[in-house]
Amino acid sequence: TVVFCLTRNRFTVAEWIQLSGSTNDVMTIPPFVNGDDSTLTISNGMGSTLGNTGLNVFVLTDINGLPRTTTPSRGAYQFTGNSALAFHPLVGSRTYAINGVNSWPVGPGGNGSFGTVADAIHYLNNTGVTGTGNVTLQIEPGYPKESGFIPAVTNFTGSNASRPVVLTIAPTHNDTISTPALSHPNYTSTLRLLGTRHFQINGAGLPGQRNLTFALSASAGTNIFFRVIAATSTDTATTSDIQIRNCIIRGNSTTTAINTFAGFYHGAYLPVGISNASSPIGNNNNFIIENNVIEAVRNGVFVRGANIAGAQNAVWDIRRNIIGGDIAPGGTLPTTYIGGNTTTQTEHAGVMLKSVVIGTIDSNVIRNTTPTSTQSNQFAGIRLEAFSENGPDSAITIRNNFIYNLTTTSGQSIYGIRINLGNQNFRFINILNNSIAKIRSIGGGTAGSSANPAAIFVEATATVNNLACFIYNNTINLSGNTLSSNSSSS
């Protein structure tokens with residue numbers, strides 16, 4: 001164990017760095033109440049009195065600005081010994097405002113508010129939750145934006161399906177959670193879930209709306225490894241039972257280039273050498289990504305589970321999202337198109353799944369790749385990828401999606417749906433009722449080659465019998481362009 005923090009052993013330095021945040025200190029609220037902190041018990045069992053503190057001459061207030069008494073606590077917090085004034089877990093069926101005012105809940109029945117999202121997540125990680133019903137953290141007028149990076153949401157104490165934590169926004173209010181105007185460390189995200197369970201984001205102030213935006217600031221620059229929202233396991237704790245709904249998720253871009261790896265990312269929390277390494281452990285289950293607008297990113301939804309046989313992520317539902325904006329490159333505003341990965345071109349798609357079992361990709365709109373030169377070469381609207389690894393995608397249904405205007409002006413290939421099945425059988429892949437149109441590239445391969453545009457392209461690394469891949473009732477209308485000599489499309 002490297003360190004024991006937030007009720008869990010942390011086994012690697014990398015996990016500790018991600019937990020603490022490379023630009024954030026860790027805050028621990030004393031868990032004791034009605035105790036005497038003037039005596040230290042030493043190894044022989046004897047009590048060693050620390051001595052009388054006396055008047056506090058140098059530090060007149062505690063970390064929250066509360067006046068210290070004449071016999072103050074020896075910590076950041078002015079501990080009163082009164083449980084009615086002590087910090088307690090957040091309580092189910094209550095709403096805690098995020099409104100620029102730090103008035104933390106005290107006592108077992110206390111209400112309160114937080115200045116920023118970072119303040120609320122610090123408190124959640126340290127005190128946990130209790131009771132039943134939603135624990136609601138609500139962004140309200142007065143929210144001042146973040147001056148630092150938001151710490152990762154961890155596996156906080158008391159996490160349970162009976163009291164999920166919901167980050168949301170007040171009715172009739174619109175707001176943006178963004179990274180600060182500071183230098184961004186590698187693999188930065190606006191919001192990170194790290195070994196988190198039972199956490200939801202609902203960006204609808206009123207039903208049917210999208211009032212909450214997650215964005216990377218312009219200070220993110222041209223670093224291509226950033227993600228807007230990341231939900232990853234640690235080396236020992238899965239991230240499960242997560243919902244992200246009704247949000248606008250926007251990456252960092254310029255008028256000519258897209259610089260953000262993914263709108264939503266699941267994979268290695270700290271990849272080594274590549275941007276999309278597999279999750280260190282499997283069984284990150286029960287995700288819903290619904291009714292979001294995801295734009296200005298190279299990947300809309302990128303999911304790469306563990307390279308472990310039999311440990312696929314289970315029950316992922318990706319539905320009714322709009323992936324790809326409508327501001328084209330070459331204008332006066334930063335583009336909100338998608339794609340544009342010129343570094344590793346197999347790493348960009350509207351939705352990419354690897355190592356998922358029981359998954360649904362339903363009723364999404366995937367549109368508008370950046371067409372310049374070869375920037376979107378090999379982009380796929382939807383991609384199921386094997387990566388020559390264990391844990392194949394199985395029991396996946398792709399249905400009712402609209403995929404259109406995927407273009408590369410100089411690249412050879414682009415795909416509506418691309419499936420790499422590896423070499424394993426009985427996969428139970430269903431591709432049903434999808435509409436695919438305006439898929440355009442110049443082509444460059446012979447018949448059957450992957451170096452051509454294709455509406456639906458299925459490949460394997462070896463002959464596979466009993467594949468169980470069903471393709472029914474899809475509508476395909478490609479561009480009608482003449483391809484290069486000897487090229488073909490499907």
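Phe426 is partly exposed, with a relative accessible area of 46%, where partly exposed denotes the range between buried (under 20% relative accessible area) and exposed (over 50%), computed with a 1.4 Å probe and protein chains only. The structure described here is a predicted model, in which local features need a pLDDT of at least 70 and side-chain atom pairs count only at pLDDT 80 or more, whereas totals for chains, interfaces and linings use all residues. Residues are numbered from 1 along each chain as its sequence is written, and side-chain values use heavy atoms, with hydrogens and water left out.

Phe426 is placed in the loop between β30 (415-420) and β31 (429-432), strands (E, at least two residues) and helices (H or I, at least four) being DSSP runs numbered from the N terminus. Together with Phe428, Phe470 and Tyr472, Phe426 makes a nonpolar surface patch of about 420 Å². Such patches consist of residues with over 30% relative accessible area and no salt bridge, nonpolar side chains (Val, Leu, Ile, Met, Phe, Trp, Tyr) being joined within 5 Å and like charges within 9 Å; the areas come from the Shrake-Rupley method with a 1.4 Å probe, and for residues only the protein chains shown count as cover. Phe428 also lies in the loop between β30 and β31 and, at 45% relative accessibility, counts as partly exposed. Although Phe428 is not a glycine, its phi is positive, at about 55 degrees. Most residues other than glycine have a negative phi. A positive phi, near 60 degrees, is likewise found in Asn433, which is situated in the loop between β31 and β32 (435-440) and is partly exposed, with a relative accessible area of 45%.

The largest nonpolar core contains 73 residues, of which Phe199, Phe214 and Phe264 touch the most other members; a nonpolar core is a set of buried Ala, Val, Leu, Ile, Met, Phe, Trp, Tyr and Cys residues joined through side-chain atoms within 4.5 Å. Helix α2 (residues 117-127) supplies the largest share of this core, 6 residues. A second, separate core of 9 residues includes Ala230, Ala268, Phe302 and Ala349. When neighbours within four places in sequence are left aside, the contacts of Phe214 (heavy atoms within 4.5 Å) include Leu167, Ile177, Val228 and Ile249.

Because 10 of the 11 residues of α2 are buried, this helix is largely enclosed by the rest of the structure; among the buried residues are Asp119, His122 and Asn125. At the start of α2, a side-chain oxygen of Thr116 comes to within 3.4 Å of the backbone nitrogen of Ala118, and just after the helix Gly128 adopts a positive phi of about 75 degrees.

Ala262, in strand β18, is buried at 0% relative accessibility. Its C-alpha atom is separated by 6.5 Å from that of Phe302, 40 residues apart along the chain, and Ala262 touches residues including Phe226, Val297 and Phe302. Ala277, in the loop between β18 (262-266) and β19 (287-290), counts as buried at 18% relative accessibility, and its C-alpha atom is 6.1 Å from that of Gly267.

Charged pairs were then considered, a salt bridge being a side-chain nitrogen of Lys or Arg within 4 Å of a carboxyl oxygen of Asp or Glu; by this rule the count comes to 9 salt bridges. In one of them, Lys145 pairs with Asp175, the closest N and O atoms being 2.8 Å apart. Lys145 lies in the loop between β9 (135-139) and β10 and Asp175 in strand β11, so the pair ties together parts that are 30 residues apart in sequence. Lys145 is partly exposed at 39% relative accessibility, whereas Asp175 is buried, with a relative accessible area of 9%. The side chain of Asp175 is also joined to that of His173 by a polar contact of 2.8 Å. His173 lies in the loop between β10 (165-169) and β11 (175-178) and is buried, with a relative accessible area of 14%.

A salt bridge between Asp362 and Arg399 has its closest N and O atoms 3.1 Å apart. Asp362 lies in strand β25 (residues 356-362) and Arg399 in strand β28 (residues 394-399), so the pair ties together parts that are 37 residues apart in sequence. Arg383 and Glu385 meet through their side chains in a salt bridge (3.6 Å, N to O), and both residues are buried. Finally, salt bridges that share partners join Arg245, Glu290, Asp317, Arg319 and Arg320 into one network.

Methods: A polar contact is a pair of N or O atoms within 3.5 Å; within protein, one must be able to donate a hydrogen and the other to accept it, and residues adjacent in sequence count only if both atoms are side-chain atoms.
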